Amino acid sequence: MLNNLGMSSSESIAVGKKLEELGIIHNVVNKDSFDPNKHLYYRFYHDEETVLNFSKAFFDNARNPVVVSQELLMKLTMLCIKHFVTELSLEGVSEVRSDPAYKEFCLSTTELQRVSISRCSHEEKLAFFLNIHNTLCLHGIIEKGVLANNVFEWRRTFSYLSYIIEGCKFTLLEIEHGILRNCTNYPGRIGGFIVRKKASLKPTERRYPFVLHKPEPKVTFALCHFTVSSPLLRVYSAENIYKELDIACREYLESECSIMLEQKSLLQELHLPKLIDWYSRDFGNSLAEVVKALERLLKKKFINISDTFNHPIELSIVFDNYKWKTTFLKVRLDIMQNI
């Protein structure tokens, strides 16, 4: 700007700060503020392939953030229903990308750049980020055309995908663990290392006001990763968020939990989804406490099953393997029921 536009040093610094404030540029080491005294390189978000909502800059006044998040999720889901009969496929992904309605959806995501969510209520943030997480996950599948079949492939493909929200960049991993879970729980030691390193948001960061400081354990059953073992997709609202989370939690557990009788040993096997194993600390400090919590959630299905812990030989807990195959079948059926 000094050399090409003839601007003064103070004018150039003011423009740089404004561009960063608007979420149009960022320095490559991701420091929070524009600092003219440091020799840092800057990059336009428009040039980053991992940012999926910057086909152009959005300068208009944004609408209610929760409404925006609901509309985006519904638009993309209905577009996918149009092209996917039962399963996600590379052919279907290609059809979605070539549909003019998809280009309209991509343009609609730019409104997220200007929404004002950081000062909203806890319930509004919760509903907004649940909807945006699920939208970004499905958007990433469509945009990148990659169907992950294992945890390593999923992390490699989807953990870096991001949206610009209120001028700040958020990856899928940061939305799930940094904002919705506030890094309070994560699957396993390796998962904990990855979360703390890549998803935690520090109090000094510009993005810290977005964090939910009262984590809601039931988000585990609301985060849809479009896998066989994933919870069903829902569109969440701020005014009914707790009721909707209760329904999502109960429906997922009712479909994934079961009791089986081993004929030879006459042992009862309580089969639980892998998500319960990964996030067991959300439900108790011991397996007995976890099962007791499940009893309260599933009164009709399991009655006093925790009493069998007084006779441990009679009960065996089995955590079923997580199935990472990408699918759209559950989502399609569930979203149609909620229209």
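**Reading the model, feature by feature**

Q: How many residues are in the protein, and what percentage of them is buried?
A: This is a predicted model, and in the protein, which has 339 residues, buried residues make up 47%. The protein exposes about 17200 Å², and carbon and sulfur atoms supply 53% of that area.

Q: What does the secondary structure come to, and what percentage of contacts between residues at least 6 apart in sequence joins residues at least 24 apart?
A: The secondary structure comes to 12 helices and 7 strands. Of the contacts between residues at least 6 apart in sequence, 68% join residues at least 24 apart.

Q: Which way do the side chains of a strand point, and how does that look in strand S3?
A: In a regular strand, side chains alternate between the two faces of the sheet. In strand S3 (residues 162–165), Ser162 and Ile164 point one way while Tyr163 and Ile165 point the other way, and all of these residues are buried.

Q: Which strand do bridges join to S3, and how many bridges are there?
A: Strand S4 (residues 168–171) runs antiparallel to S3, and 4 bridges join the two; one of the pairings sets Ser162 against Thr171 of S4. The hairpin of S3 and S4 has 2 residues between the strands, and there Glu166 takes a positive phi near 50 degrees.

Q: How should I read helix H7, as mostly covered or mostly open?
A: Helix H7 (residues 172–180) is mostly covered, since 9 of its 9 residues are buried, including Glu174, His177 and Gly178. After H7 comes Asn182, with a positive phi near 55 degrees.

Q: At roughly what angle do the axes of H5 and H7 cross?
A: The axes of H5 and H7 come within 9 Å and cross at roughly 155 degrees. An angle over 145 degrees counts as roughly antiparallel, so H5 is roughly antiparallel to H7. The contact involves, among others, Phe129, Ile132 and Leu136 of H5 and Leu172, Ile175 and Ile179 of H7, and the crossing is left-handed.

Q: How do the axes of H2 and H5 cross?
A: Helix H2 (residues 65–83) and helix H5 (residues 122–144) have axes that come within 9 Å and cross at roughly 30 degrees, and these helices are therefore roughly parallel to each other. Among the residues that make this contact are Leu72, Leu73 and Leu76 of H2 and Phe128, Ile132 and Leu138 of H5. The crossing of H2 and H5 is left-handed.

Notes. Residues are numbered from 1 along each chain as its sequence is written. This is a predicted model: local features need pLDDT of at least 70, side-chain atom pairs count only at pLDDT 80 or more; totals for chains, interfaces and linings use all residues. Side-chain values use heavy atoms; hydrogens and water are left out. Buried means under 20% relative accessible area, exposed over 50%, partly exposed in between (1.4 Å probe, protein chains only). Contact means heavy atoms within 4.5 Å. Accessible areas come from the Shrake-Rupley method with a 1.4 Å probe; for residues, only the protein chains shown count as cover. Two strands pair if DSSP finds at least two bridges between them. Axes are lines fitted to C-alpha atoms, for helices over the stretch in contact, and angles run from 0 to 180 degrees between N-to-C directions. Angles under 35 degrees count as roughly parallel, over 145 as roughly antiparallel, 65 to 115 as roughly perpendicular and the rest as oblique. A crossing is left-handed if the near helix is turned anticlockwise from the far one by less than a right angle, and right-handed if clockwise.
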